[in-house]
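Welcome to this short tour of a two-chain model. Have the sequence and the structure open side by side, and we will walk through them together.

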Amino acid sequence: MNLEIVTPEARVYEDTVDGVVMPTTSGEIDILPGHIPIVTEIQAGEIVVEQSGQKQSLAISKGFAQCVGDKISILAENAIHIDEIDESAVEEAQKRAEEALATMDKMSDEEIAMLETQISYARAQLILKQKTKR
Amino acid sequence: MPNLREIRRRIKSVKNTRQITKAMELVAASKMKKAQQSALSGQPYAALLAETLSHIATRIEEVEHPFFEEREVKTRGIIMVTTNRGLCGPLNSNLFREVMKSDDAMKFVSVGRKGKQFLSRSSRELLADFEIDDSVPYVKVKQVTEFMIEKYLSGEVDTVEIMYPRFVNVLTQAPTVAKLLPIRGLDEMITELRGKDAEPYESSADDRNFVFEPDPVSILNSLLPLFVDRQAYQAILSARASEHSARMVAMKTAKDNATKLLDSLTLQFNKARQAAITQEILEIAAATSQD
């Protein structure tokens with residue numbers, strides 16, 4: 001199976017994989033070879049990619065995923081490989097976003113939505129990072 | 001024969017101008033690289049988004065969404081993307097010409113100061129003006145499209161189109177009108193976004209049944225606005241890349257012209273100087289021979 005993860009900035013991931021676990025809005029799903037075509041909405045969280053017995057994780061923000069034939073495509077606003085997560089920078093970003101959100105009444109709906117996306121993405125990265133430490 | 005001081009003054013001023021245009025060319029060149037990069041890097045995302053959307057759109061016949069509904073076009077809604085500053089060649093005026101050519105009833109939203117000036121000068125209906133700076137923040141673009149979608153849904157306009165100078169290459173920018181709403185021709189759009197070497201895309205290639213989670217309608221509801229926003233965003237990025245490359249080319253021409261002018265002025269100056277010296281020698285010779 002071929003997996004690609006695309007964000008507005010770049011193609012973050014592209015490789016042949018044996019399976020993918022992704023967080024959808026209605027729960028986690030595991031996609032293995034031969035899966036029926038599916039289009040689904042995903043939320044911020046962890047994506048686990050299995051590649052010849054090895055598992056690697058990526059943090060992802062909300063987006064969409066589709067699986068057609070043996071090709072899985074994930075569209076997300078942000079995605080990052082676990083090794084690249086910089087905890088202190090993420091915490092910083094989360095704090096900034098939360099502080100900005102505190103002055104909510106001055107902002108437009110779009111800005112609030114964007115900040116909330118940022119926060120949930122930051123949270124997903126932190127949870128993932130802490131999980132691997134244990 | 002103009003006097004020496006006059007010519008020297010002109011040479012100085014032309015030199016200054018050349019210096020400035022040279023600097024502006026360099027600035028535009030570096031900005032262009034950045035803008036081009038960001039316009040290109042967004043393309044796979046936009047293509048995939050269109051692909052996902054076409055999977056849904058072609059498979060659920062019963063979906064009735066106002067975004068797909070084709071209605072009689074009485075008033076076109078146009079988002080006009082222009083530059084904030086001038087000195088970028090015929091980039092903006094090419095767009096304006098497109099507007100002048102058409103007699104349809106149109107309502108406008110302007111992005112960029114030049115467009116706003118043109119629309120108010122030619123007394124066309126300007127619904128709103130949005131300022132988007134060079135970094136093109138996505139949130140700002142979203143405000144523009146959201147505004148237009150609202151007008152579209154309320155029936156004030158029957159289409160939403162975006163008019164912008166499309167970046168073809170550094171030397172060519174094509175004035176383009178792209179339809180955002182109602183959504184049509186997804187297949188061609190995907191083929192174009194994937195680039196020249198990709199095979200033509202066909203959404204009906206895989207005809208197995210699709211599963212949609214949680215359900216098609218709610219996916220469609222969150223996907224459609226994102227799709228429209230992204231398309232507008234992509235168009236504006238392309239317009240920015242066009243702006244900087246047009247400015248770079250315009251400034252390069254200006255610089256070359258200044259250099260040419262400088263050459264001829266220098267020649268003129270030397271001739272005048274030579275003439276003055278010859279004149280002086282003649283006078284001295286005449287004065288000494290008289291004695």
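In what sense do strand 5 of chain A and strand 6 (residues 211-213) of chain B pair, and over how many bridges? The two strands pair in the parallel sense, and three bridges join them. Please keep in mind throughout that this is a predicted model.

## Where the chains meet

Stepping back to the whole interface, 25 residues of chain A are in contact with 23 residues of chain B. On the chain A side, the elements that give two or more residues are strand 5 (38-42), strand 8 (63-68), strand 9 (71-76) and helix 2 (109-133). The largest share of that side comes from strand 5 of chain A, with four residues. Sorted by class, the side of chain A that touches chain B holds 11 nonpolar, nine polar and five charged residues.

## Chain A as a whole

Chain A contains two helices and 10 strands. Reading from the N terminus, the order of its elements is β-β-β-β-β-β-β-β-β-β-α-α. The radius of gyration of chain A is 16 Å, close to the 14 Å that the globule rule gives for 134 residues, so chain A is as compact as a globular protein of that length.

Along the principal axes, the C-alpha atoms of chain A fill a box of roughly 50 × 35 × 25 Å. Of the 134 residues in chain A, 29% are buried. Turning to contacts with a separation of 6 or more, residues 24 or more positions apart account for 52% of them in chain A.

## Two domains in chain A

The domain assignment of chain A gives domain 1 (2-82) and domain 2 (86-133). Between the C-alpha centres of these two domains of chain A the distance is 22 Å. Where the domains touch, 12 residues of domain 1 of chain A are in contact with seven residues of domain 2 of chain A.

Which strands supply at least two residues each of the side of domain 1 of chain A that touches domain 2 of chain A? They are strand 6 (45-51) and strand 7 (54-60) of chain A. Strand 7 of chain A gives the largest share of this side, three residues. By class, the residues of the side of domain 1 that touches domain 2 in chain A are five nonpolar, four polar and three charged.

## The sheet of chain B

Now over to chain B, where five strands form an open sheet in the order 3-2-1-4-5, with mixed pairing. Strand 3 (125-130) and strand 5 (173-181) of chain B stand at the edges, each with a single partner strand, so one side of each has no neighbour in the sheet. From one strand to the next, the twist averages 25°.

Let us go across the sheet in that order. Strand 2 (residues 106-111) of chain B pairs with strand 3 of chain B in the parallel sense, over five bridges; here B:Phe108 stands opposite B:Leu126 in strand 3. Strand 1 (residues 76-81) of chain B is also parallel to its partner, strand 4 of chain B, over five bridges, and B:Ile78 stands opposite B:Glu161 in strand 4.

Is strand 4 (residues 159-167) of chain B mostly covered or mostly uncovered? Strand 4 is mostly covered, as seven of its nine residues are buried. Strand 4 of chain B runs antiparallel to strand 5 of chain B, and eight bridges join the two. One of the facing pairs is B:Pro165 with its bridge partner B:Pro175 in strand 5. A hairpin links strand 4 to strand 5 of chain B through five residues.

## A last stop at B:Glu6

Why does B:Glu6 count as exposed? A residue is exposed if 12 or fewer other C-beta atoms lie within 10 Å of its own, and B:Glu6 has 11. B:Glu6 and B:Phe269 are 263 residues apart in sequence, while their C-alpha atoms are 9.3 Å apart in space.

Notes
Residues numbered from 1 in each chain as written. Chains lettered and ligands numbered in written order. Predicted model: local features only at pLDDT ≥ 70, side-chain atom pairs only at ≥ 80, totals over all residues. Domains from an automatic or database assignment. Contact = placed C-beta atoms within 7 Å. Nonpolar A, V, L, I, M, F, W, Y, C, P; charged D, E, K, R; others polar. Pairing = 2+ DSSP bridges. Axes fitted to C-alpha atoms, helices over the stretch in contact; angles between N-to-C directions. Rg over C-alpha atoms; globule rule 2.2 N^0.38 Å. Buried ≥ 20, exposed ≤ 12 C-beta atoms within 10 Å, placed from the backbone.
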